Structures are given as structure tokens and as C-alpha cells.
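This briefing covers one protein model, from its overall make-up down to single residues. Please keep the structure open while reading.

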Amino acid sequence: SRWLRSAYRRDKVRAMEGFSASIANRRRMLPHMETGTFPAHLFERRAPNQTEGELRWMRDNFRHTTLPVFLDLDNTVGRGLHERNWSISIDDDAVREYVLGGVREWGALFEFVKHALLRPKISDPMAVLAFLPSSIETVTDAEGVERIAPDARLHAEPMIYSSDRVWGYEYDGWYLLRLAECSTITHGTQKKKNGVVCVLIDGENVWRIEQTGRSKDDTFDISLSFSHGVGQAPCIHLMGVPSLSENGLVWTSPFMAVADLLDEALLEEHQLIASKAKLMFPHAVVVGDPCSFYDRSLGAQCIGGSLAWMEGDKQMSRTCPECHGTGHKNRMSPFGELVINTNPNSTAPDGANATNAMAFVSPQTDPSRFVREEIDRYIKEARGIMHLDAEVPMVSGSAPTATQAGLNAKAREAFVRPICDQMFTIFSFGVQCLGRYLNGPTWDGYTLTKPTSYDLRTDAEYMAMLTEVAASPLPPVFTSMLVAQYMDYRYGGE
């Protein structure tokens, strides 16, 4: 309790050392990963020659144009997690039934890991995945006290706590997690529901910590929620790229390697969109004469679109009813045609003809083409860092060669493999926790066979390899083997 009060006073919800950078990086990467998040850090200040109105237009018309890069990474990792790459056997019927189909909303635990975990894992590797029961069966004793039922079986579910809700931890020891709910505390003479509520999860128990009393006192009630019986804290970080600091192990995101490039691409994309909006509506320039309207009743001549006259010693003015304040004669007909006077015998012939009476002025498009090339370069470099550019030939040609396809596949596997391996580690940890909730801390009755290699080749790469092998003097058995691999890749799960 003393440590919690000290941590709470220190910064009223400040994460532990190493989490500040993780929280900032998460906010920075999310606009490239999911809709609904705005990259405020990119649009805080305008460019040197940009107006505030143009900056405001960019903010109001924001689009997630870099999202396809992450979706490609998601699909690539998904190929590594395909069911044909791994298997699991569980010796307990209740655990097997729960792991393969009992997780609320997701059914199988692996469906949650495969479809719900990658985005938070990549954006927030210091986040914590906790396996906690959403509800516990209770009974009321003779004294009216509600207690956990003696024969209650705890069915845990995966719950993700982002790094800004992780208030403390010790690896494999304990985790202090901030809940979304709030307690009622007193502010002066008013009661408000904004008090802190946390759970402290250790190797044996789950404790509830709730702020009470007056807000300025920082007092907390600590009570035992239940004993989970797992034998270790049922929590695990989502993990990423390990980084050692003076404070110990900190996980960073592999996506940070491309964050700068995607930031530039996203910002310049919106600058280009704003520029295109101006190019699409060029300024029209037409011939015209100064308005010569004269109001005889007032004795006022149109000057610059206004009529001015004197009434006694008072200066009066109003907008010219003829040119409506433009100061020029209207040469447009009621049907939108531009009328010019080409009669050479006229007292005031126009020096214009039908070809030069009207012109449209717009900026040159060369700067826009340069910006588009820069955006494409940023995206290409970002995809290259993550080895998602398998379709680009090495030298020339319309399709990758078999050699290139093999090199791309190996490089892509080197990048994706740590991500997939950690996903399987989290899945294995989850199976262990769910089983020990039901059977006690010594249960270990499952075997997970993880992939020894990941086949991440695309259709285009397979086709390139098949074409090259078929045209080579290699025996037909090599073509048959490659066809079998492709069929297994393409239709193995059906």
C-alpha cells in the first residue's frame, strides 16, 4: 500500500520505467495500423509555405493511406500461423474442450492469438496479456457473506492491458494492472466516480486495490479477490524486439524500424492531396473592363465596385448594383457564355478573340510528381525493411526469378519468424494457464508442436519457381515436388 501511494503521488498514473517510450511509440504507430487514430504529432505545425487553412484542411480530411503496409505484414504473419504449420495435443478433455472452443467471443484460444493479438503486439509490445476469469461462481453462507463456491471451476479468458495501464511489474513475479472501472471518492463536498481501481496479480492470488476516501489522501483498500492456483502469475508481456537497459529487459516493436518512413509518407500524402485539391480548381482569367455604372439619382459613379456620394456633410457609400462589388463589367450571359465585342467599327472594340478571351491558371505539376515519387520511395523502403516487397524484380523483368524468390522468402522468414515464435509462446502460455486454472499448478498435460520453418512464399514466387524449374534440365520429380508444396500451401487448410 505504501509503494502504491508513492507511485500514485509521483505522477498520478505514470507507467514504470521503460513504459513512457512504449506508450509514445504506440501512439506514433497506431495511425499506420488501425483506423480511428489521428497522428497529431505530424500535423501540429504547418510547413514553411503552408497556410493555416491548408493545414486545417489536411486535418479535416485525414486518411489512413499507409494502412496497407501493416495489412501486408498481418497477412504474412498469418501465413506463418496457418494450422498446417503446427499441432497440439491435450490429454484433459475439459481443458481441450475449453482451449479449442470455450473462449468467449473467439471460440478457440488460437483464434484469439491469431486474429486479435498481432496488432497490439506490434504496436505495444510492453502490454500485458492476463488470463483471468470474467466471472466466478459464488455462494452465500449462513451469515450472508458471499464466497467463492467450493466446487467452482475457474474458466479464465485472455485480457489485454495496454502499457499505459501497467502500473508495475516484476517479470514472472507480480503485475499491477489498472482497471477501466473507477471507484467513488470524495472531492471536497462532492462524490465522484473517478477513483483508481487496480488488480495486483502474483504467483498465488489476485488482489483488488481500490481508492477510497478523499482524493487528496490517496488511501487504498486492498482485498483478496481469489486464489488462482496457477502457480505463477498468469500474465505475459506481448513481447517484441528485446532491448536491455539499466532497468532490465524492455520490449520494443519491430515496426519502429519503419515508423519514420511511414510518418513521412503519411504526411506528404496529405500535403499532396491538399495540393491536388488546389490544382483541380484552377483560377479563371477573363478579359474585362472597369464598371462604368452611374447612378443619376445619387450622382455617384462606380469606383472599384462601390458607389460613393455626399448627403449634406455625411459621406455615404454602397455596393454597385451593376457589378455587385467586383468593379468590372459582367461579360457572362445568363447561360454562362463569355460575350466579347469583336465589331471593328465599334467605338470600343475588344482586343481579344474567342481563343484568348478566357484562360485558366494553375500551378505546375512537376512538384506534385516529385512528391509522389518520394511517397512511393518511402513506402518501398518501409516494405523492403520488413521484406514485404517480394514482387519487385532484382534487375529487370516482369516477374521475380526463382533465385530472387528464394532469397526473398528467406529474408522474409528471418523477419517474421521471431514474431510467429513469440505468438506460439503466448499461445502455449495461455494453454498452460487455462489448464492449471482447472487442474492445479502442476498440470502440464499438453504438447505443442511448433513450426521448425515457415513457408511464406507467395503465389507469384511459387509460379516463378515452377516456371524456371520446368524450363530447366532438372528431372520432373523436382517439378512434382514443387507443385505438391504449392498445392499444400494453397489448399492445405481446406
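The model is predicted. The protein has 494 residues, and 40% of them count as buried. Its secondary structure consists of 12 helices and 22 strands.

**Overall make-up**

- The accessible surface of the protein is about 27,300 Å². Carbon and sulfur atoms account for 53% of that surface.
- Taking contacts between residues at least 6 apart in sequence, 66% join residues that are at least 24 apart.

**The largest pocket**

- The largest pocket holds about 510 Å³ of space. It is lined by 18 residues, and those closest to its centre are Asn49, Gln50, Glu54, Gln271 and Ser275.
- By residue class, the lining of the largest pocket splits into 10 nonpolar, six polar and two charged residues.
- Three helices each give at least two residues to this lining: H3 (52–60), H8 (259–279) and H9 (366–385).
- H8 contributes the largest share of the lining, with seven residues.

**Lys276 in helix H8**

- Lys276 is a residue of helix H8. Its relative accessible area is 44%, so Lys276 is classed as partly exposed.

**Buried residues with polar side-chain contacts**

- Thr66 sits in the loop between H3 and helix H4 (67–80). The relative accessibility of Thr66 is 1%, and because buried means under 20%, Thr66 counts as buried.
- The side chain of Thr66 forms a polar contact of 2.7 Å with the side chain of His32.
- Beyond its neighbours within four places in sequence, Thr66 is in contact with Pro31, His32, Leu262, Ala265, Leu266 and Ile379.
- Arg412 belongs to helix H10, which spans residues 402–439. Arg412 is buried as well, because its relative accessibility is 1%.
- A polar atom of the Arg412 side chain lies 3.1 Å from the backbone oxygen of His387.

- Which residue in the loop between H5 and H6 is of interest here? Glu105 is placed in that loop, with helix H5 covering 93–101 and helix H6 covering 109–116.
- Glu105 is not a glycine, yet its phi is positive, at about 75°.
- Is Glu105 buried or exposed? Its relative accessibility is 75%, so Glu105 counts as exposed.
- His324 also has a positive phi without being a glycine, with a value near 55°.
- The loop that holds His324 runs between strand S20 (314–319) and strand S21 (358–361).
- At 64% relative accessibility, His324 is over the 50% cut-off and therefore counts as exposed.

Technical notes. Residues are numbered from 1 along each chain as its sequence is written. This is a predicted model: local features need pLDDT of at least 70, side-chain atom pairs count only at pLDDT 80 or more; totals for chains, interfaces and linings use all residues. Side-chain values use heavy atoms; hydrogens and water are left out. On a 1 Å grid over the protein atoms alone, a cavity is a set of points where a 1.4 Å probe fits but cannot get out, and a pocket is an open set with protein on both sides within 12 Å along at least five of seven lines; lining residues have an atom within 4 Å of a point. Grid points are joined across faces, edges and corners, and a volume is the space filled by probe spheres set on the points. Helices (H or I, at least four residues) and strands (E, at least two) are DSSP runs, numbered from the N terminus. Ala, Val, Leu, Ile, Met, Phe, Trp, Tyr, Cys and Pro count as nonpolar, Asp, Glu, Lys and Arg as charged, and the others, Gly among them, as polar. Buried means under 20% relative accessible area, exposed over 50%, partly exposed in between (1.4 Å probe, protein chains only). Contact means heavy atoms within 4.5 Å. Accessible areas come from the Shrake-Rupley method with a 1.4 Å probe; for residues, only the protein chains shown count as cover. A polar contact is a pair of N or O atoms within 3.5 Å; within protein, one must be able to donate a hydrogen and the other to accept it, and residues adjacent in sequence count only if both atoms are side-chain atoms.
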